[in-house]
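Here's a quick briefing to read with the model open beside you. Take a look at the fold before you dig into the details.

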Amino acid sequence: MLADWWQYDFLRYTLFSGILIGLICPILGTFLIVRRLSMMADGLSHVTLSGVAAGMLISKKIALFQAVNPLFFGMLFSVIGSLFIERLRKVYKSYQDLAIPIILSTGLGLFTVLISIAKGFNTDLYSYLFGKIVTVSKEDLYALIGVAAVVLGTVFLIYKELFAVSFDEEFARVSGVARRSINLWFMVLVALTIAASMRIVGVLLISALITLPVAASLQIAGSFRQTILYAIVFAETSVLAGLYFAYLLDWASGGTIVLVAVSILLIVLGVKKIKAALR
Amino acid sequence: MKAKHEDAVVKLTSVFFQYEEKVVLENINFSLERGDFVGIVGPNGSGKSTLMKLLLGLLPATKGTVELFGQPLSKFRDWSKIGYVAQQVAHGAGGFPATVREVVASGLVGKVGLFRRLQGKHHQKVEEVVERVGLTEKLDQRIGNLSGGQLQRVFIARALVAEPELLILDEPTVGVDQESIEQFYELLRSLKEENGMTMMIVSHDVGVMTQWVNKVACLQRKLHFHGSAHDFAHNHDKILQQMYGDSIKMLAHHH
């Protein structure tokens, strides 16, 4: 069974994609969670979904766009959504999380309307919702490699700014950090990551991979750096074990990955409790 | 343009701040010279936080000019010259998964500059500053494990690590126990004496602070200087009574 992963192209693409997702989701997730913006991923994933539906509709109706991967429309919508969220956060300063339900329902509303206009799609929408191994194409993988390179490059180059803004936005501002630009760029990266990860984990479950490994990591990490590192380890374990079992048992890949991530979280919480009781 | 030595560190000229219809600050004229250790006192709602935000560029003045190191606020870029310690209760950072080392290092963010990573000398500086505030043992502990007084010292270390020329502290002793407050002012005094740092403290805690600073100003929408801290200490019941009526009495009597 394990040899299949090297033998078949689509499984190799899936494996590589999974490894990349397991790397970038928890990194962005750590910054999102400490800023209490963990729901942001949920909001953006629904906007991405409407973008995918729009992409499918356009490729169905307009011959020119037939060959365009709906993923790119997902990315486009997601990025626009992230800019909109930043705008809304400024408008509703004291109710910053209000931006999320606004953007989430807009995305979902648009999605259902687009489906009804198209009168259904031939393509398997289910795979976009929950992730499916066989749907990962070479093009999807390339898009993900691009996004991952930008995310990792950004975190390498402006780690200290991201940390400062996340820890204490006012202090960062007084230190002369361009916090607006950094916030905006960060949200764009989250949007791109969500769109690029969609094929494997699915739109509805992507926020789980962004938040669950970090939730487990927060329990045991001794520093911010460790929080990121442990979160990556948990996310990679979830992705690799999840993909393996999904293929073996013919389960939905996104769901399986999330279940592994939840199991890790429960184990970490359990072990911590036992340790505390023994002390 | 480089700031000349004789320029005031902070200079506010006829500054007004209005929030909707309410005048929060009225005709504030105020300058801070090098080496000053100024305490600004005032009850809640007197405009203390607003004044602080104005001179940090966090709020725009409705009228008047704010100058930092001889440059108008809009042109001022040298933010690493200013160290800022915010009110601790407002921060609520305890749960953040970062170590003392990481938090203090974040104070270098403006000085080191965009796209540059911290180097050996920066890490060394972080350790020096942490030692100065007496937290070397806690260097690699998560800040959640610290007491209120220790956390306060972490924030001071973060403000000091970039070697600022001006240190601004907003209600620095709120939520800090009595013993730590003594240590805290000792630390400020040594910074002033050994490093010649200019400092400004904004507080409603009239009693303790005025024993340490060398100039006192009272804020109640307008700013009234009362010269040296020594004069202030001798007459402060009368001054406060005149300025604020009975509302300040409770605060002034617990020293």
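This is a predicted model: local features need pLDDT of at least 70, side-chain atom pairs count only at pLDDT 80 or more; totals for chains, interfaces and linings use all residues.

In chain B, four strands make up an open antiparallel sheet, while β3 of that chain pairs in parallel fashion with β8 and with β9. On the chain A side, UniProt has a set of "transmembrane region" entries. There are also three cavities of 30 Å³ or more to look at.

**The open sheet in chain B**

- Going across the sheet, the strand order is β2-β1-β4-β5 of chain B, and the pairing is antiparallel.
- β2 (22-32) and β5 (71-72) of chain B sit at the edges with a single partner strand each, so each has one side with no neighbour in the sheet.
- At the β5 end, β4 (residues 63-68) of chain B is joined to β5(B) by two bridges, and these strands run antiparallel.

- Strands in a sheet are held in pairs by backbone hydrogen bonds, in a parallel or antiparallel arrangement.
- β3 of chain B (residues 37-41) is mostly covered, with five of its five residues buried.
- B:Phe37, B:Gly39 and B:Val41 point one way from β3(B), B:Val38 and B:Ile40 point the other way, and all are buried.
- Five bridges tie β3(B) to β8 (residues 198-203) of chain B, running parallel; in that pairing, B:Phe37 has B:Met199 as its bridge partner.
- Another four bridges link β3(B) to β9 (residues 215-220) of chain B, again parallel, with B:Gly39 opposite B:Val216.

- An unreviewed UniProt entry lists "transmembrane region" for residues 12-34, 64-86, 98-121, 141-159, 180-198, 228-247 and 253-271 of chain A.
- In the model, residues 228-247 of chain A are 100% helix and 0% strand, and their end C-alpha atoms are 28 Å apart.
- Residues 64-86 of chain A come out as 74% helix and 0% strand, with 33 Å between the end C-alpha atoms.

- B:Leu187 belongs to helix α7 (residues 178-195) of chain B, and its relative accessible area is 9%, under the 20% cut-off, so it counts as buried.
- Beyond its sequence neighbours up to four places away, B:Leu187 touches B:Arg132, B:Val133 and B:Ile156.
- The C-alpha atoms of B:Leu187 and B:Gly134 are separated by 9.8 Å, although these residues are 53 residues apart along the chain.
- B:Ser106 sits in the loop between α3 (100-105) and α4 (109-112) of chain B and is buried too, at 6% relative accessible area.
- Setting aside neighbours within four places in sequence, B:Ser106 is in contact with A:Phe163, A:Ala164, A:Phe171 and B:Arg158.

**Cavities**

- How big is the largest cavity? Its volume is about 100 Å³.
- Its lining takes in 15 residues, with A:Phe171, A:Ser175, B:Trp79, B:Ile82 and B:Gly107 nearest the centre.
- The elements giving two or more residues to that lining are α8 (169-174) of chain A plus β6 (82-85), α4 and α6 (148-160) of chain B.
- β6(B) supplies the largest share of the lining, three residues.
- By type, the lining of the largest cavity splits into eight nonpolar, five polar and two charged residues.

Key. Residues are numbered from 1 along each chain as its sequence is written. Chains are lettered from A and ligands numbered from 1 in the order in which they are written. Side-chain values use heavy atoms; hydrogens and water are left out. Two strands pair if DSSP finds at least two bridges between them. UniProt positions are given in the numbering used here, feature names are shortened, and annotations may be inferred rather than shown by experiment. Buried means under 20% relative accessible area, exposed over 50%, partly exposed in between (1.4 Å probe, protein chains only). Contact means heavy atoms within 4.5 Å. On a 1 Å grid over the protein atoms alone, a cavity is a set of points where a 1.4 Å probe fits but cannot get out, and a pocket is an open set with protein on both sides within 12 Å along at least five of seven lines; lining residues have an atom within 4 Å of a point. Grid points are joined across faces, edges and corners, and a volume is the space filled by probe spheres set on the points. Ala, Val, Leu, Ile, Met, Phe, Trp, Tyr, Cys and Pro count as nonpolar, Asp, Glu, Lys and Arg as charged, and the others, Gly among them, as polar.
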